[in-house]
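Morning, everyone. Please bring up the model on your screens, and we'll walk through it together.

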Amino acid sequence: MENRRLDNSSHDVRILADWLDSKFRLPLGIRIGFDSILGFIPGVGDLVTNVTSIYIIARAAMLGCPPTVLMQMAFNVFIDNLIDTIPLLGNFIDVFWRSNTKNVALLDRYLQQPDRVRKSSLIFV
């Protein structure tokens with residue numbers, strides 16, 4: 001199968017993942033993004049970040065990711081939301097569970113090695 005790369009048409013997901021997961025640097029080198037920050041706004045913050053996370057998964061579908069890879073991405077977002085249900089502490093744990101960054105890395109791996117990622121996602125599912 002042809003070796004595809006994450007090109008300019010999907011550059012937007014990298015930018016979104018960076019803004020959501022790691023755009024800002026805190027003391028001690030800890031990186032946070034709007035997913036952690038907006039999580040402190042009840043209801044609205046999680047809604048905004050979830051819509052953006054779903055957009056990343058939708059773009060992966062548009063780029064040809066199979067259902068097993070998309071399910072793995074959805075699982076990453078599900079875990080993110082599960083963590084967010086822990087009052088206050090969830091927002092701090094969220095700093096380290098970067099579901100959007102994980103999903104973009106998975107998309108990138110799929111575009112470079114589709115057969116290998118398809119098989120590993122099938123095992124995951």
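Let's start with a question: is Leu 28 buried or exposed? Leu 28 counts as exposed, because its relative accessibility is 83% and the cut-off for exposed is over 50%. Keep in mind that this is a predicted model. Where does Leu 28 sit? Look in the loop between strand S1 (24–25) and strand S2 (31–32). Phi of Leu 28 is near 70°, a positive value, and the residue is not a glycine.

Now go to Leu 88. Here phi is also positive, about 60°, again in a residue that is not a glycine. Leu 88 lies in the loop between H4 and H5. It counts as exposed, because its relative accessibility is 55%.

Stay in that loop. Ile 86 is found there, between helix H4 (67–84) and helix H5 (89–93). Ile 86 counts as partly exposed, because its relative accessibility is 34%. Ile 86 and Leu 88 belong to a nonpolar surface patch, together with Phe 40, Leu 89, Phe 92 and Ile 93. The accessible area of the patch is about 560 Å².

Next, the inside. The largest nonpolar core has 17 residues. Which of them touch the most other members? They are Cys 65, Val 69, Met 73 and Leu 107. Helix H1 (11–21), helix H3 (44–62), H4 and helix H6 (99–112) each supply at least two residues of this core. H6 gives the most, with five.

Last stop, Met 73. Leaving out residues up to four places away in sequence, Met 73 touches Ile 57, Ala 60, Asn 103, Leu 106 and Leu 107.

How values were computed: Residues are numbered from 1 along each chain as its sequence is written. This is a predicted model: local features need pLDDT of at least 70, side-chain atom pairs count only at pLDDT 80 or more; totals for chains, interfaces and linings use all residues. Side-chain values use heavy atoms; hydrogens and water are left out. Patches are made of residues with over 30% relative accessible area and no salt bridge: like charges are joined within 9 Å, nonpolar side chains (Val, Leu, Ile, Met, Phe, Trp, Tyr) within 5 Å. Accessible areas come from the Shrake-Rupley method with a 1.4 Å probe; for residues, only the protein chains shown count as cover. A salt bridge is a side-chain nitrogen of Lys or Arg within 4 Å of a carboxyl oxygen of Asp or Glu. Helices (H or I, at least four residues) and strands (E, at least two) are DSSP runs, numbered from the N terminus. Buried means under 20% relative accessible area, exposed over 50%, partly exposed in between (1.4 Å probe, protein chains only). A nonpolar core is a set of buried Ala, Val, Leu, Ile, Met, Phe, Trp, Tyr and Cys residues joined through side-chain atoms within 4.5 Å. Contact means heavy atoms within 4.5 Å.
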